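Please consider the following points while viewing the structure. They are set out in the order in which they may be read.

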Amino acid sequence: MIQLPGARPILDPADFLGLQDKIKEVPRPRKRLTELLLRTATEKPGPEEAARWASASRAWGLRFFRSPQQVLPSPDGRRAAGVRLAVTRLEGVGEATRAVPTGDMEDLPCGLVLSSVGYKSRPVDPSVPFDSKLGVIPNVEGRVMDVPGLYCSGWVKRGPTGVIATTMTDSFLTGQMLLQDLKAGLLPSGPRPGYAAIQALLSSRGVRPVSFSDWEKLDAEEVARGQGTGKPREKLVDPQEMLRLLGH
């Protein structure tokens, strides 16, 4: 978005104070993004970039330490007129850091409000600890708390943040913890039943899993449907339709 034609970024340098030293410790994907924002907010743009921003007809910005509370209506109640934001601050250290409200509010005028899809993990089994408020499995670096030998990764580990590269890096870190525990002799050794046991369990419950070959059939169907409309693919979004195509 920093290079978006006809638009200029508005970032408050005060929001980035003290980040220069701290970003050295964060994972690579987040580090690159933070460095880009830091440079944009604190460094003087070059002549070409300054000229482009000066002629821009639109502007965009990021509001940090704000939590949406309410969409404010127009006087006739038919349109959005603004968004009420709660001002927050960080409390805690490390992975326990959380944004908490300060009690202050801000009203941001606007004429259009776009909601994100949103995501929140759900518990998968009563035997697995789960924080329903945060939507995550309590863990330390991917090791599930109070359940030795159980690990988690991705959004159920840290919440719905980051991009694909963030999740990939996160899974590598969890894998490293697993290998550390394996080398330290903290995990059970000896033969394990593996896939055969899982397959038998699913069969006993009347569950027919979707295999990789099944996925390939769905992939081919999506590509074929897309060709008729000039698109790379037409996504199948109805699970029941997917199962019918697979003959389940």
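1. The largest nonpolar core has ten residues in all: I2, A7, L11, F16, I23, L37, L38, A41, W53 and W60. Such a core is a set of buried Ala, Val, Leu, Ile, Met, Phe, Trp, Tyr and Cys residues joined through side-chain atoms within 4.5 Å, where buried means under 20% relative accessible area (1.4 Å probe, protein chains only). Helix 2 (residues 28-42) gives the most to this core, namely three residues; helices are DSSP runs of H or I with at least four residues, and strands are runs of E with at least two, numbered from the N terminus.

2. This is a predicted model, in which local features need pLDDT of at least 70, side-chain atom pairs count only at pLDDT 80 or more, and totals for chains, interfaces and linings use all residues. Residues are numbered from 1 along each chain as its sequence is written, and side-chain values use heavy atoms, without hydrogens and water.

3. Leaving aside residues up to four places away in sequence, I2 touches L36, T40, E49, R52, W53 and W60, contact being heavy atoms within 4.5 Å.

4. Nine bridges join strand 4 (residues 80-91) to strand 5, and D107 in strand 5 is the bridge partner of R84.

5. In helix 7, D214, K217, L218, E221 and R225 meet E241, M242, L245 and L246 of helix 8.

Note on methods
Two strands pair if DSSP finds at least two bridges between them. Buried means under 20% relative accessible area, exposed over 50%, partly exposed in between (1.4 Å probe, protein chains only).
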